[in-house]
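I opened the file to look up a few local features. The entries below follow the order in which I checked them.

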Amino acid sequence: MLSYFCISCELLTEVIIVQEMMKDEVRTLTYRNSMYHNRHLFKDKVVLDVGSGTGILSMFAAKAGAKLVIGVSSDIMLLLQSCAN
């Protein structure tokens, strides 16, 4: 039971951190603008987003022109949350 509680707290902490990162407009817009202003680096490329979490960077890469974006994350809770959004 204690080990389940520790895992639950760990997942909750990760979700809170990701939510805070998503609220950080300066950070998120800087990533987005960097990708959009460098579309030539993404056009027709395959992008692998390791540790994709919510998938926001994967979405930016796709909108920047990548022909295929693969988002990989080991955190099932974040994947479920991003699918719900």
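The model is predicted.

Entry, backbone. I looked up where Asp44 sits and found it in the loop between α3 (39-42) and β1. Phi of Asp44 is near 60°, a positive value in a residue other than glycine. I noted this because most residues other than glycine have a negative phi. Is Asp44 buried, exposed or partly exposed? Its relative accessibility is 47%, so Asp44 counts as partly exposed.

Entry, surface. I then looked for nonpolar side chains on the surface. Val46, Leu48, Val50, Leu68, Ile70 and Val72 form a nonpolar patch there. Together these residues have about 530 Å² of accessible area. Which strands supply the patch? I traced at least two of its residues to each of β1 (46-50) and β2 (68-72). I picked out Val50, one of the patch residues, which lies in strand β1. Val50 has 64% relative accessibility and therefore counts as exposed, as the cut-off for exposed is over 50%.

Entry, helix packing. I checked the pair α2 (residues 25-36) and α4 (residues 56-63). Their axes come within 9 Å and cross at roughly 25°. That angle makes α2 roughly parallel to α4, because angles under 35 degrees count as roughly parallel. For handedness, I recorded that α2 passes α4 in a right-handed crossing.

How values were computed:
Residues are numbered from 1 along each chain as its sequence is written. This is a predicted model: local features need pLDDT of at least 70, side-chain atom pairs count only at pLDDT 80 or more; totals for chains, interfaces and linings use all residues. Side-chain values use heavy atoms; hydrogens and water are left out. Patches are made of residues with over 30% relative accessible area and no salt bridge: like charges are joined within 9 Å, nonpolar side chains (Val, Leu, Ile, Met, Phe, Trp, Tyr) within 5 Å. Accessible areas come from the Shrake-Rupley method with a 1.4 Å probe; for residues, only the protein chains shown count as cover. A salt bridge is a side-chain nitrogen of Lys or Arg within 4 Å of a carboxyl oxygen of Asp or Glu. Helices (H or I, at least four residues) and strands (E, at least two) are DSSP runs, numbered from the N terminus. Buried means under 20% relative accessible area, exposed over 50%, partly exposed in between (1.4 Å probe, protein chains only). Axes are lines fitted to C-alpha atoms, for helices over the stretch in contact, and angles run from 0 to 180 degrees between N-to-C directions. Angles under 35 degrees count as roughly parallel, over 145 as roughly antiparallel, 65 to 115 as roughly perpendicular and the rest as oblique. A crossing is left-handed if the near helix is turned anticlockwise from the far one by less than a right angle, and right-handed if clockwise.
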